[in-house]
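Please open the structure in your viewer and have the selection tool ready. The tour moves from one selection to the next.

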Amino acid sequence: MRSIVLWSLFVLTTMYPLGCYGADALKLRYLGVILGDIKEVGLKKPEGVACDDQGQIVIADTENGRLVRYTLQDNALKGGGEIKVPEVVFPVRVQLSSKGSIFVLDGQQRKLAQLTPEGTFVKYVTPVGVNPPNVVPKSFKLDSRDNIYLLDIAGERVLEIDPTGKLLAQFPFPKNYGAMSDLAVTAGGDVLLLDSAKSTLYIAKKDAPQFAPFTKGLQEYLNFATNMLTSSRSADIYLIDQDGGAIVILGPDGLFKGRQLSLGWRNGQLYYPQQMCINKNGDVVIADRGNSRVQLFENLK
Amino acid sequence: MKIHLKTFILLGVVAMLSFSLNSFAQDNTAKFKLKPGAYGKLCLECHPGFQDKLKKQHVHTPVKNGNCTGCHNPHTSAFSKLLESDASKICISCHKTLIVANALSVHKPVADGSCMKCHDPHSSANKNNLLKTGNELCLECHKSLAETLAKVKVKHNPVEKGCLNCHDPHASVKDDSLLKERVTALCVSCHKTDRPSFIKQHMNYPVATSRCTSCHDPHGSDRKGILYNNVHKPVSTRMCNQCHEEATSSSPLKVKRDGAELCRGCHSDMFNATFGKKRMHSPLLSKKGCLTCHNPHAGKEKGLLKEAPLVLCGSCHADTIKRQAKSVTKHEPVKNGNCVACHDPHASDSALLAKQASVVDLCATCHDWMKHSTHPIGDKFVDPRNKNATLNCLSCHRSHGTEYKGMMPFPAISDLCTQCHEQFRR
């Protein structure tokens with residue numbers, strides 16, 4: 001009898017924490033902060049950040065009009081070199097391709113620029129053959145094949161183009177939307193669309209031409225989400241709650257799973273965060289615009 | 001023979017009705033084990049005031065039939081006034097058709113189940129048991145409209161005659177604002193669009209199917225033709241072709257350019273200033289462009305805004321408005337819907353479209369004292385929590401409010417101060 005009780009206690013104590021992690025999916029612990037480049041020039045209102053599986057972190061140092069590149073290896077940051085090209089004056093969103101190319105959205109010029117892995121300007125990525133031709137990209141994402149998904153707020157659509165700009169598909173925004181601010185592509189090829197004003201996600205399933213509601217209003221769980229990311233491992237969806245200074249986690253089914261971090265100025269807190277990325281170790285990097293810094297978090301899951 | 005047949009049918013209906021009422025009475029008589037003949041009279045023995053109510057011209061059917069137990073439980077109830085169910089649900093248990101599944105607009109009292117805001121549940125001197133007659137009842141709640149109607153120089157005749165000329169008091173499946181029909185259909189039922197004077201007034205443009213309320217205030221205004229008080233200059237000068245194709249063209253209502261590009265022609269100064277900024281308000285770049293927030297023809301609000309600023313800005317930034325509503329201390333500009341006191345609604349070089357780069361300078365436009373007698377703030381004072389930040393007003397306050405006094409993010413002042421002055425933390 002005693003052995004049964006002890007065995008039950010053992011099972012409970014070992015399984016309960018696992019259950020907790022399963023419920024929240026993402027458990028963040030503050031790891032460190034990036035305040036500037038290698039020359040100690042401070043970041044100024046950074047709005048974008050991108051990571052890759054080689055440990056590279058590229059920051060859109062927005063109000064300094066430049067990119068800053070670091071490498072995170074064994075919890076140590078290296079590098080900190082500046083990438084500054086005259087063709088990009090106000091970087092707001094960054095993504096890295098599978099070949100290491102840097103794609104950066106210029107918020108002032110409203111153009112998507114492609115840079116080499118070394119940081120040399122290659123070209124502006126311009127969609128070819130789209131109708132109507134006026135494109136205003138608000139955000140963008142790359143998929144595993146390096147195809148580009150542009151959130152075009154002027155054309156009220158998502159454009160899928162290949163790296164040369166050739167149009168592959170376009171998905172019109174759903175009717176009666178509020179204000180679209182970001183998109184994400186799932187590992188399965190579905191496209192998610194974030195409506196900040198209505199705190200709602202829409203989904204265009206792979207090979208489906210239309211967006212359909214994916215979640216109901218998430219107002220209960222967040223304030224004003226402006227950025228979205230899908231986890232390739234857990235298939236969870238992460239939303240940056242800009243006004244609430246937090247990360248909101250949804251399951252692959254769009255249901256609320258949890259909330260991490262809080263608004264503030266101290267290390268580990270966020271003040272109007274803008275973009276996040278996750279590296280192969282599961283570490284989370286967040287462009288903390290209001291605090292003029294980039295913060296790194298370890299995922300305890 | 002025909003008359004006999006009609007009389008026969010009528011008598012049949014009356015007989016069926018009386019049978020059903022009688023059987024209902026018998027049901028209740030049995031249910032409550034009433035003495036013979038007590039049904040419909042027993043309650044009045046203790047509630048004699050009801051005799052007067054029964055004398056009124058319009059009596060609610062259950063009351064008229066003495067069926068008090070249709071709504072009340074004579075013994076006990078979990079609800080006030082011994083009602084059989086919640087006051088917000090009891091009416092709907094009989095008047096089921098008032099809840100319309102596909103309604104485009106529902107009157108709030110109906111949605112809330114507050115039927116008694118308009119109706120007396122027992123009897124009234126007014127038709128449909130209404131508490132008051134005509135517009136008097138509606139304007140008791142719609143006070144700002146009442147004030148407007150009293151002041152406007154040009155009145156709209158149907159409004160004078162009664163709100164129910166155009167509005168359904170319960171719900172509408174046709175349009176917003178409880179309208180009985182789509183706006184245009186409603187208007188053209190009185191205003192004949194093929195009359196030469198109508199065509200001339202509208203500069204020969206085929207507006208018969210356009211939404212009339214994009215220019216005209218249906219409740220009256222101070223301007224001729226009940227145009228809204230704020231009119232876009234091309235409309236007031238009858239220069240429709242500044243924005244639209246010619247009236248004689250094959251597509252006369254089509255605009256000459258899409259989105260914001262149409263507005264750029266006249267508002268070039270604003271456009272040059274806006275498009276030169278680093279951050280633009282996204283709606284301005286959207287397909288609707290300027291029309292996301294502005295009316296192109298006329299409107300109630302200054303600047304031809306579609307709604308009052310608090311409503312308009314709140315339609316996207318609901319969380320910010322909600323936060324202010326919950327805030328213990330109110331920030332005057334937010335409270336008054338003066339969002340543009342701090343934010344540029346078009347574009348800015350600063351984050352959050354702040355009107356000035358420096359938070360201190362922005363706040364000092366109203367709170368000028370803080371420039372000379374305050375905790376050290378400004379570009380020279382680095383925030384001890386983060387060397388990339390300097391101390392400013394938002395280091396201690398949230399501009400849209402918090403649940404704590406003084407728009408501070410912490411419940412106690414000591415919590416706030418020890419954020420930086422850690423040596424004093426206990």
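Begin by selecting E422(B) and R266(A) in this predicted model. The two residues form a salt bridge, and their closest N and O atoms lie 3.1 Å apart. Between chain B and chain A, three salt bridges are counted. Across this interface, twelve residue pairs are also found in polar contact.

Next, colour the side of chain B that touches chain A. Which elements give two or more residues to this side? In chain B they are β6 (279–280), α15 (282–285), α17 (318–326) and β10 (386–390). By type, the residues of this side comprise twelve charged, eleven polar and nine nonpolar.

Now display both sides of the contact together. Chain A supplies 31 residues and chain B supplies 32 residues. About 2,700 Å² is buried between the two chains, and carbon and sulfur atoms give 47% of that area.

As a last stop, select residues 102–106 and residues 111–115 of chain A, which are strands β7 and β8. These strands run antiparallel and are joined by five bridges. Within this pair, find V104(A): opposite this residue stands A113(A) in β8(A). In general, the strands of a sheet pair through backbone hydrogen bonds.

Terms used: Residues numbered from 1 in each chain as written. Chains lettered and ligands numbered in written order. Predicted model: local features only at pLDDT ≥ 70, side-chain atom pairs only at ≥ 80, totals over all residues. Heavy atoms only, no water. Contact = heavy atoms within 4.5 Å. Buried area = accessible area lost by both parts, 1.4 Å probe. Salt bridge = Lys/Arg side-chain N within 4 Å of Asp/Glu carboxyl O. Polar contact = N/O pair within 3.5 Å; in protein donor to acceptor, adjacent residues only side chain to side chain. Helix = DSSP H or I, 4+ residues; strand = E, 2+ residues; numbered from the N terminus. Nonpolar A, V, L, I, M, F, W, Y, C, P; charged D, E, K, R; others polar. Pairing = 2+ DSSP bridges.
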